[in-house]
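I opened this notebook to keep track of what I looked up, one topic per entry. The entries go from single residues to the whole chain and back again.

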Amino acid sequence: QVQLVESGGGLVQPGGSLRLSCAASGTIFRIYAMGWYRQAPGKQRELVADISSGFRTNYADSVKGRFTISRDNAKSTVYLQMNSLKPEDTAVYYCNLNGWVGYWGQGTQVTVSS
């Protein structure tokens, strides 16, 4: 049974940084693309960044240059380093394995506010 457990969310001031982690179990982590999505109140869930099994990365335009996705296959973990956070980054962030038809974590709240 695949499980994805996120951690690292919280409250941060504008301009601050947070690092999200997502630990996967129950699957051969290294063969799957991993991603981070977010959903703000009243909005649809959207892709933030993803990373392929070959470490190719892709970012939403709104986070390019501020967020970095990475993965550690030895730890079956994917990370999202978020810098220069803005209030509009406030959302629940979800870890994903293998795209929209794959598996999801429970979500972690990120709030950017002064």
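Predicted model: local features only at pLDDT ≥ 70, side-chain atom pairs only at ≥ 80, totals over all residues.

I placed serine 84 in the loop between β8 and β9, and I read its phi as near 50°, a positive value in a residue other than glycine. I reminded myself that most residues other than glycine have a negative phi. I then turned to serine 76, where phi is likewise positive and near 50°; serine 76 sits in the loop between β7 and β8, the latter strand covering residues 77-82. Is serine 76 buried or exposed? Its relative accessibility is 19%, and since buried means under 20%, serine 76 counts as buried.

Entry on the overall fold.
I counted the secondary structure next and found zero helices and 11 strands in the protein, so that, with strands being DSSP runs of at least two residues, the pattern read along the sequence is β-β-β-β-β-β-β-β-β-β-β. The radius of gyration is 13 Å, close to the 13 Å that the globule rule gives for 114 residues, and the protein is therefore as compact as a globular protein of that length. Taken along the principal axes, the box filled by the C-alpha atoms is roughly 40 × 25 × 20 Å.

Of the 114 residues, 41% are buried, and of the contacts with a separation of 6 or more, 53% are made by residues 24 or more positions apart. The accessible surface comes to about 6100 Å², with 47% of that area belonging to carbon and sulfur atoms. For the charges, I noted 11 positive and 7 negative ones, whose mean positions are 4 Å apart.

Entry on the disulfide.
Which cysteines form the disulfide? The structure holds one disulfide, and it is formed by cysteine 22 and cysteine 95, with their sulfur atoms 2.1 Å apart. Because cysteine 22 lies in strand β3 (residues 18-25) and cysteine 95 in strand β9 (residues 91-97), the pair ties together parts that are 73 residues apart in sequence. I read the torsion about the S-S bond as about -80°, so the disulfide is left-handed.

Entry on arginine 66.
I went to arginine 66, in the loop between β6 (57-59) and β7 (67-72), and found a relative accessible area of 10%, so arginine 66 is buried.

I located alanine 33 in the loop between β3 and β4, where β4 spans 34-39, and its relative accessible area of 34% makes alanine 33 partly exposed. Alanine 33 and serine 52 are 19 residues apart in sequence, yet their C-alpha atoms are 4.2 Å apart in space. Not counting residues up to four places away in sequence, alanine 33 touches Ile51, Ser52, Ser53, Arg71, Asn96, Leu97 and Asn98.

Last, I checked alanine 74, found in the loop between β7 and β8, which is also where I had placed serine 76. At 76% relative accessibility alanine 74 counts as exposed, whereas serine 76 counts as buried. From alanine 74 to isoleucine 31 I noted 43 residues in sequence and 12 Å in space, C-alpha to C-alpha.

Note on methods:
Residues numbered from 1 in each chain as written. Heavy atoms only, no water. Helix = DSSP H or I, 4+ residues; strand = E, 2+ residues; numbered from the N terminus. Rg over C-alpha atoms; globule rule 2.2 N^0.38 Å. Buried < 20%, exposed > 50% of the residue type's maximum accessible area, 1.4 Å probe, protein only. Contact = heavy atoms within 4.5 Å. Areas by Shrake-Rupley, 256 points an atom, 1.4 Å probe, with all protein chains shown as cover. Lys, Arg positive; Asp, Glu negative; His and termini not counted. Charge placed at Lys NZ, Arg CZ, Asp CG, Glu CD. Disulfide = S-S within 2.5 Å.
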